[in-house]
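The following note sets out points for a colleague who has the model at hand.

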Amino acid sequence: MKMVKSLILGSAAGLIAVSGAQAADLPVKAKAVEYVRICSLYGAGFFYIPGTDTCIKLGGYLRADLTVNGGIYDQPFWNGEGGIQDRFVNKYNDRSRMALTVDTRTATEYGVVRTFAQGDFQFSTYGSGNSIGYGASVFGQATAGQVNNDTAGNGYVAVEMAFVQFAGFTFGKSASAYNTPWHGYPGNNSSYLVGGYDSVTGINNIQYSWQFGNGVSATLGIDDSSANGFNRTQIINGVGGAAVAPAAGAIASVGTVIGAAGGGIGWSGACTAAITAYGCAYGGTAVPDFVGNIRVDQAWGIFQVSGAIHDDHAAYFSEANVVPVGTLVSPGASQVGAVNFGHPDDKFGGAVNVALNIKNIPTGAGDDIKVEGSWSLGASKYVLGTSASDPSSFDIYNGTKFAMGVTTDSIYSGISNNNGNVQTQQQLTRGWGFRGAYNHNWDPHWSTSLFGGIAGLSYNSTAALIYCNTYVANAGIAVKGGGVTHGGGSGGAFTAGSTCDPGFTVSEIGLVTRWTPVKDLTFSVEALYAFLHTNMTGSAQPISAASGAASGPSSSLPLANTLYNFGSNGTASLNMRVQRNF
């Protein structure tokens, strides 16, 4: 036993000695260390990606936001259940967001190659729809994955920007060339300031920019026209009902349509490619939006003129893109045979914007004024531009006082045996808008902005008559611009002496004060008031109430057996926000 133990110990000692001798014979090489180098070529925060000549900057912000008596990011309660103020509405709405940005730059013989992307990780009030009724509903978009995942333990990621810039070109998801440098935010927190355009979260496009020197530049762009939240509202087909199936072997008479009362017009959402209960008569993408600007950027401020060309590409004369009554998910039957009824011609509209920013005004260091004015034809989103889809109609109730206005790019109709509409081509909607802000810095820590916006849409006599025939249940009601209703609409029964006109003006005024106790940390409070002026006059009651029955779900007037008086209404909201930039 002693011999075995001695052999083991001796062998171990020998191995250690041999290993030590080999280690002593080998040179010791220090491990290479590659330090991160600061890149000063493109401003603060950039550093070189190790092993490359590409500079990268990581940034973003974390924001917590709460709105009382309004939607997320201070959306006024100007439609849907918020406008009605029923018990399904969320009286407050909140969102927490962390935005991450990645900015890379590489110097080449052709100039700088840049990429930029922003992703938002966020969680909002359940459904992100400002009401439990919307968030809990089963509707077409749900099957398309378009409902936000704002449920316990979840949330979702939104892509704002993702583009490449090279040799004057921009490819990808970026702000439209039509946009002003401040987008829809001349001084506000609210993402819903009307009076101009806003593509702050990016739209798929291709752009080319020229730099002429002395701060003068020009940009031309091609924007994706299918981005309904940015450059489409809705097109209404006033036919009201479904297409008649032709007899076997027969050819359908183009435009001949008969069906249930009313038209497939929307009341809660913007135009969508999904077949939904709200309906929309837009076709698919055919021609993109062509946009551009000329800008002068000087020490005194900025002056810009921009323009856009928009294709109003309608579907067919048969009907709108509507879910058949009584179904939750469309089987696709509602569009069967639509091609047999023909379609209206495409019409091109557009918009013009003039913007001015005056810097360093005498009221204080860093104070400025930003203003812009817009005009549109068949392109209403360019004057009602917010960073979300516009409502298909604005509706604000105050008891039995009701203000409304219809949001469209155009209106047309097939031949209807129900509401009296004849076949017409598209009638383009006219729009105008103005918005701006005065921004004042009290000291390095406190600032205040006074802001406002106003926009209006108007309809020619043909468009007004088409719409009013789909909305007014009874015949003989005067239509602004000429004519009287045929009857058969789904909106309500008007009283004698009333006038139907879908046009409107919506305006906003607000005040926001910000406190920045330390660098890049800001607390703000914003008060906002929105006012809707309707062009409707007189009174209306639910269509079923006119016959003595209870109000049905098809009526746009929520209370049965109630007379609503048309008149202008307003709504106020309060927004509180904390944001840490990094």
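1. A salt bridge is taken here as a side-chain nitrogen of Lys or Arg within 4 Å of a carboxyl oxygen of Asp or Glu. By this criterion Arg-97 and Asp-120 are joined through their side chains, with an N to O distance of 3.5 Å. Arg-97 lies in strand S3 (residues 92-108) and Asp-120 in strand S4, 23 residues apart, so described as a link between distant parts of the chain. Helices (H or I, at least four residues) and strands (E, at least two) are DSSP runs, numbered from the N terminus.

2. On the basis of the work, the model is predicted: local features need pLDDT of at least 70, side-chain atom pairs count only at pLDDT 80 or more, and totals for chains, interfaces and linings use all residues. Residues are numbered from 1 along each chain as its sequence is written, and side-chain values use heavy atoms, with hydrogens and water left out.

3. On the overall make-up, the protein has seven helices and 29 strands. Of its 582 residues, 48% count as buried, where buried means under 20% relative accessible area, exposed over 50%, and partly exposed in between (1.4 Å probe, protein chains only). The accessible surface comes to about 25900 Å², and 64% of this belongs to carbon and sulfur atoms; the areas come from the Shrake-Rupley method with a 1.4 Å probe, and for residues only the protein chains shown count as cover. Among contacts (heavy atoms within 4.5 Å) between residues at least 6 apart in sequence, 69% join residues at least 24 apart.

4. On the remaining salt bridges, the structure holds nine. One of them is formed by the side chains of Asp-65 and Arg-577, at 2.6 Å from N to O. This pair links distant parts of the chain, with Asp-65 in strand S2 and Arg-577 in strand S29 (residues 569-581), 512 residues apart. Asp-65 and Arg-577 are both buried.

5. What burial is found for the pair Arg-97 and Asp-120? Arg-97 is buried, and Asp-120 is buried as well. Salt bridges with shared partners join Arg-97, Asp-120 and Glu-160 into one network. Another salt bridge is that of Arg-105 with Asp-103, whose closest N and O atoms are 3.0 Å apart; Arg-105 and Asp-103 are likewise buried.

6. On the disulfides, the structure holds two, each being a pair of cysteine sulfur atoms within 2.5 Å. Cys-39 is joined to Cys-55 with an S to S distance of 2.0 Å. The torsion about their S-S bond is about 80 degrees, and the disulfide is therefore right-handed. Cys-39 is in the loop between helix H1 (2-25) and strand S1 (47-48), while Cys-55 is in strand S2 (residues 54-68), 16 residues apart. Both Cys-39 and Cys-55 are buried.

7. The other disulfide is formed by Cys-468 and Cys-500, whose sulfur atoms are 2.0 Å apart. This link is left-handed, with -95 degrees about the S-S bond. Cys-468 belongs to helix H6 (residues 461-471) and Cys-500 to strand S24 (residues 499-500), 32 residues apart. Cys-468 and Cys-500 are buried.

8. On one of the sheets, five strands form an open sheet in the order S15-S16-S28-S27-S23, with mixed pairing; two strands pair if DSSP finds at least two bridges between them. Strand S15 (393-398) and strand S23 (493-494) are the edge strands, each pairing on one side only. Strand S16 (residues 401-406) and strand S28 (residues 564-566) run parallel and are joined by two bridges. Phe-402 has Phe-566 as its bridge partner in S28.

9. On the surface, a nonpolar patch with about 920 Å² of accessible area together includes Tyr-110, Val-164, Phe-166 and Ile-309 among its residues. Patches are made of residues with over 30% relative accessible area and no salt bridge, with like charges joined within 9 Å and nonpolar side chains (Val, Leu, Ile, Met, Phe, Trp, Tyr) within 5 Å. Strand S5 (156-166) and strand S6 (169-174) are the elements that give two or more residues to the patch. Ile-309, in strand S12 (residues 301-312), counts as partly exposed because its relative accessibility is 44%.

10. Is Ser-124 buried or exposed? Ser-124, in strand S4 (residues 111-124), counts as buried because its relative accessibility is 1%. Ser-124 and Tyr-156 are 32 residues apart in sequence, and their C-alpha atoms are 9.3 Å apart in space.
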